[in-house]
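I opened this structure with a notebook beside me and wrote down what I looked up, entry by entry.

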Amino acid sequence: AQTIYLADYAPFTHTVEQVHLTFRLAPGATRVLSRISFAPTPNAPAGPFFLHGEQLNLISARIDGAPVTPEVTATGLTCPVPDGPFTWEAEVEISPETNTALEGLYMSRSMYCTQCEAEGFRKITFYPDRPDVMAPFTVRIESDLPVLLSNGNPTGNGDGWAEWTDPWPKPAYLFALVAGELVNHADRFTTASGRDVELNIWVRPGDEHKCAFGMDALKRSMQWDEEVYGREYDLDVFNIVAVDDFNMGAMENKGLNIFNSSAVLASPETSTDANFERIEGIIAHEYFHNWTGNRITCRDWFQLCLKEGLTVFRDQQFTGDMRSHAVKRIEDVLMLRGRQFREDNGPLAHPVRPESFVEINNFYTATVYEKGAEVIGMLKRLVGDDAYYQALDLYFDRHDGQACTIEDWLKVFEDTTGRDLSQFKRWYAQAGTPRVRVDEAWSPGPKGGTYTLHLRQTTPPTPGQPDKEPLVIPVAVGLLSPNGDEVVPTQVLEFTEVSQAFKFEGLASRPVPSILRGFSAPVILERQSSADERAFLLAHDTDPFNKWEAGRGLAKDVLSRTIAGKPAPTASFVDALHAMAADTRLDPAFRALALRLPAQDDMAQTLFDSGLTPDPLQIYSALRHLRETIAAQMGGLLADLYDEMAVPGPYRPDAEDSGRRSLRQAALSYLTLIDGGARARTQFAGADNMTEQLGALSCLLDIGAADTALADFRTQWQNDRLVMDKWFGLQVSLAPPDTAAVRANALTEDRDFDWKNPNRFRAVIGGLAMNPAGFHDPSGASYALVTDWLIRLDPVNPQTTARMSTAFETWKRYDADRQGMIRENLERLAATPGLSRDTTEMVSRILA
Ligand code: B3K
Ligand code: ZN
């Protein structure tokens, strides 16, 4: 397969002035008629006229009305064309019903839908399928199905047809079409300038009661983008459609967002608090793309972070505003460390803006999305809020309607602030998580002492990048006096050299530093810190992130020492945890986060980063042991919390109630270890919402006492696919290590294991990968099972297969036996005849 390089970018030979599409829908033989006006691109490099096209049956083609016979290959066609403007017409036949890859036009339970990003449009018709070719579209859909949708505004319909016009020039990856027997949950929104917008969430009959929350989230997103970024919606209608078979969360097609039903449908009985929060975030994310992604798009796919990093950053801000900034920041860092650090410190490490790829779908990664958002957060911290929003205004002003690059993005900041961002730009080019080592010095003096922070940065080598340059790292620091007062409030140090000293003068006594407040940069801080100092910060830090981080550091310290067979400061950790959990001045959601111990995979990464070979079983046991110790020593407080945090009244998914429930759940998860599951059983039996029902079920699974509950749960929910995904997933991800593979295998034989449905496949096979001790069971059974299923899924759905192969991305962390077994399985996967380009690229990068 061919590697594509950023350095080879060249504009398309032609511009597209207008696209007309007609779809005659039929499951096995849909006809797509296109009429496209092309004109030569001024100053474009000369070259043959080439249109992308894959798996298309070309019926006929015409240029300016005269039949032509293009040369068609597996990837597209070339054709002699006139020197000036011309009209291209083509008719192709495609088969949505056999499209199991879920890219292009496909069918999901008798409904037609599309997924074009990144390069799915070329499976619909011949077209210059690249984001820098933008054009207005009109679409006519012919079908007997009652609901026919496409992008833009409805401009006509009749018996068996509908027409849509999208006036905003867009790249083909934002094209969408939906046809099916759907019902809508409708609402309206009036924009700041008075445009009346019709809003719809389209679902299958029977799911109508699961739309209200998503609709509310949409309206809040629309209003927030007006208030915070001054961005208004720009069409008469905004449609969202829920689809059961979808490769990811959702897609921001212009005016017609298509969602995995798990990312939009919500009801108290079937969705957890975490589901509600995720849905709110995804609705916001896709809506925000209307400006950051759609009105301003990417010049080429190397610039993906231009829209994704920025849109993630915006949805994080939104969730913070809707809920709690402190809690959201901690959740985001947990996710960053759990997914992005793992990627950035392994064989799949790549820059936020990659410079080459084989299959672009493999680069919708935590690095592009989450680290891409961190880079924007750092930029905002460096220039300040006012300059940030001025730069954004300039960005929208200057680039509306264009396909842009990271250079364009940084230039608006340079023009707004007069700063030179060339060093900052390295964040986009350099892969790997930087390490920042901290040394301190204190020298007392007659006019007060001087405290010096000495920082050193290094970034370890990553594939293709042996040597790294120093980055611009904003390090937010505050200083506390030994009595707990803040003597130096937060300031942002601009750390730009390999090694740099920062002095604080006139201090009465040696301070305790709080470094990297708010996690001001995506780096690993290396600093010797005593258990006492951590306990002090946990008690006194005014920065909520670092307060939480201090507790996290203590927990990791206890776990690492336990694993190494060294004496661990368990008592001081439990004391500090107790004080924090009992502190009623703190938000329950924050206390719940503080009570949550590091995840197994986070511990494995932490041990690996400090030069050790993690043993997943040891991590599992150390965590278990620590949880039992906490439960035994804090049982009284936890039992009180469990009672006090009960939420009276009808279920509401807001921050306050869900925060109380999460603290209550944290308490329950410890209490279950000492009460034999009594509380969990009662809660399970009496729960009137999924948060409490699933929370109780998890606790019972955790102590191996869930058989009855699992059976009851299934009986209750067997007709709800999204809830059954939870049933499948949880039993695998929470199975005891030595039984996980057996459990997963048994579930793959279940009558409801619909493996071609990505949500179900992810629940079971992904669930196994999310159970680290089970996945890395020394027998190797899980490695073999996951590999067998990847081999089976690949010809059906390459994109999801490639994504799931990242289960193996951490293999170099582990011991020789495990590495040997993983290598064997990866080689077996790589040797599969006809393996997709997607999976081939992933496996070869993981193995390299
Ligand atoms: N832009 C889409 C992701 C498309 C993934 C293609 N493999 C959803 C999002 O980021 O909002
Ligand atoms: Zn996005």
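Entry 1, the two assigned domains. I noted a definition before starting: the bounds of a domain come from an automatic or database domain assignment. For this chain that assignment gives domain 1 as 4-181 and domain 2 as 719-848. I took the centres of domain 1 and domain 2 over C-alpha atoms and found 35 Å separating them. I then looked up the contact, to which domain 1 gives four residues and domain 2 gives five residues. On the side of domain 1 that touches domain 2, I sorted the residues by class and got two nonpolar, one polar and one charged.

I am reading a predicted model, not an experimental one. The pLDDT of the chain averages 98, and 100% of the residues score at least 70.

Which residues surround ligand 1? I listed Glu117, Ala118, Met248, Ala250, Met251, Glu252, His285, Glu286, His289, Glu308, Asn361 and Tyr364. Two elements give two or more residues to this shell, namely strand 20 (250-251) and helix 2 (273-288). By class I wrote down five nonpolar, three polar and four charged residues for the shell.

The peptide bond that joins Glu117 and Ala118 is cis, with omega about 0°. I placed Ala118 in the loop between strand 11 (111-115) and strand 12 (135-142).

I followed an open sheet of three strands, in the order 4-8-7, with antiparallel pairing. Its edge strands are strand 4 (49-52) and strand 7 (71-72), each of which pairs on one side only. Strand 7 is joined to strand 8 (residues 76-79) by two bridges, and the two run antiparallel. For one residue pair I looked at Val72, whose bridge partner in strand 8 is Leu77.

Moving on from strand 4, I came to Gln55 in the loop between strand 4 and strand 5. Gln55 is not a glycine, yet its phi is positive, near 55°.

I found strand 5 (residues 57-63) paired with strand 9 (residues 86-94) in the antiparallel sense, over six bridges. Within that pairing, Ser60 has Glu91 of strand 9 as its bridge partner. Strand 5 also pairs with strand 6 (residues 66-67), again antiparallel, over two bridges. Here Arg62 stands opposite Pro67 of strand 6. How many residues lie between the strands in the hairpin of strand 5 and strand 6? I counted two residues between them, and in this hairpin Asp64 takes a positive phi near 50°.

UniProt lists residues 213-427 as "Peptidase M1 membrane alanine aminopeptidase". Over residues 213-427 I read 55% helix and 9% strand, with the end C-alpha atoms 37 Å apart. For "Peptidase M1 alanyl aminopeptidase Ig-like fold", UniProt lists residues 432-527. That span, 432-527, is 0% helix and 55% strand, and its end C-alpha atoms are 19 Å apart. The record places "Peptidase M1 alanyl aminopeptidase C-terminal" at residues 532-848. I read 72% helix and 0% strand for residues 532-848, with the end C-alpha atoms 43 Å apart.

Strand 25 (residues 435-443) and strand 26 (residues 449-458) pair antiparallel over nine bridges. As one residue pair I noted Glu440, opposite Leu453 in strand 26. The hairpin of strand 25 and strand 26 has five residues between the strands, and Gly448 there takes a positive phi near 100°. Is the pairing of strand 25 with strand 31 (residues 524-526) parallel or antiparallel? I found it parallel, over three bridges. In that pairing Val436 stands opposite Leu525 of strand 31.

Definitions and conventions: Residues numbered from 1 in each chain as written. Chains lettered and ligands numbered in written order. Predicted model: local features only at pLDDT ≥ 70, side-chain atom pairs only at ≥ 80, totals over all residues. Near = placed C-beta within 6 Å. Helix = DSSP H or I, 4+ residues; strand = E, 2+ residues; numbered from the N terminus. Nonpolar A, V, L, I, M, F, W, Y, C, P; charged D, E, K, R; others polar. UniProt positions renumbered as here; feature names shortened; annotations may be inferred. pLDDT = per-residue confidence, 0-100. Pairing = 2+ DSSP bridges. Contact = placed C-beta atoms within 7 Å.
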